[in-house]
Amino acid sequence: MLGKIGDWTLPLGPYNAAQLLIAFVGSFVLIKTFGLWSWMGPLPPLTLGVAVWAARRTRVYGRSPLYVAWGLVSYALQPKEGRMHGRPVRPARARVLHGGFHLLDTATAGVGAPSGDAPVSRPARTVRPPLRTGRRQGAASRSTAPVTGAAPAPTALQQLLARQEAVRISSSLSNSDDRRP
């Protein structure tokens with residue numbers, strides 16, 4: 001509380017910080033705009049006095065209004081990405097990534113075999129994107145070898161269906177052999 005010195009207090013005091021702020025700001029505004037409200041007589045200064053009196057025990061969710069205002073201002077001034085260890089977080093810069101990939105030539109010869117062996121895949125060739133340097137590469141220096149269109153590797157379901165088809169065909173052949181006299 002402000003405005004209490006020993007046993008002496010300000011008239012109608014002691015005052016808290018919110019009341020003093022309202023009194024000083026309100027007085028400044030009333031002095032600067034005297035020409036606008038002077039015809040109303042003592043009504044604006046009395047309104048300011050009531051506002052100062054009404055702010056004596058104000059609380060916003062249990063907090064002083066000045067702390068609420070300070071919290072709103074600090075929230076508005078926070079960086080958009082937040083803070084880490086007291087410093088503003090900066091978004092990472094964009095980076096160019098260079099990489100390569102492998103094309104696999106899959107053999108489909110073992111798919112229909114009832115033995116259950118999975119087809120063996122072997123690497124066909126490695127394709128790497130050209131590295132970008134400061135100058136442009138000519139058409140003669142680029143690789144123009146066509147990439148062979150290899151069939152994709154069969155999935156586990158396709159392999160299972162192929163095995164069942166092979167068993168069905170072999171059983172139908174053995175059944176047809178039994179029927180012959």
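A: Helices here are DSSP runs of H or I, at least four residues, and strands are runs of E, at least two, numbered from the N terminus. This is a predicted model: local features need pLDDT of at least 70, side-chain atom pairs count only at pLDDT 80 or more, and totals for chains, interfaces and linings use all residues. Residues are numbered from 1 along each chain as its sequence is written, and side-chain values use heavy atoms, with hydrogens and water left out.

Q: What do the side chains of E165 and R168 do?
A: They meet in a salt bridge, 2.4 Å from N to O. The term means a Lys or Arg side-chain nitrogen within 4 Å of an Asp or Glu carboxyl oxygen.

Q: How many salt bridges does the structure hold?
A: One.

Q: New topic: which residues make up the largest nonpolar core?
A: Y15, L30, W37, L48 and V52. Such a core is a set of buried Ala, Val, Leu, Ile, Met, Phe, Trp, Tyr and Cys residues joined through side-chain atoms within 4.5 Å.

Q: Where is H85?
A: In the loop between β3 (83–84) and β4 (87–88). H85 has a positive phi of about 55° without being a glycine, and is exposed at 77%.

Definitions and conventions: Buried means under 20% relative accessible area, exposed over 50%, partly exposed in between (1.4 Å probe, protein chains only).
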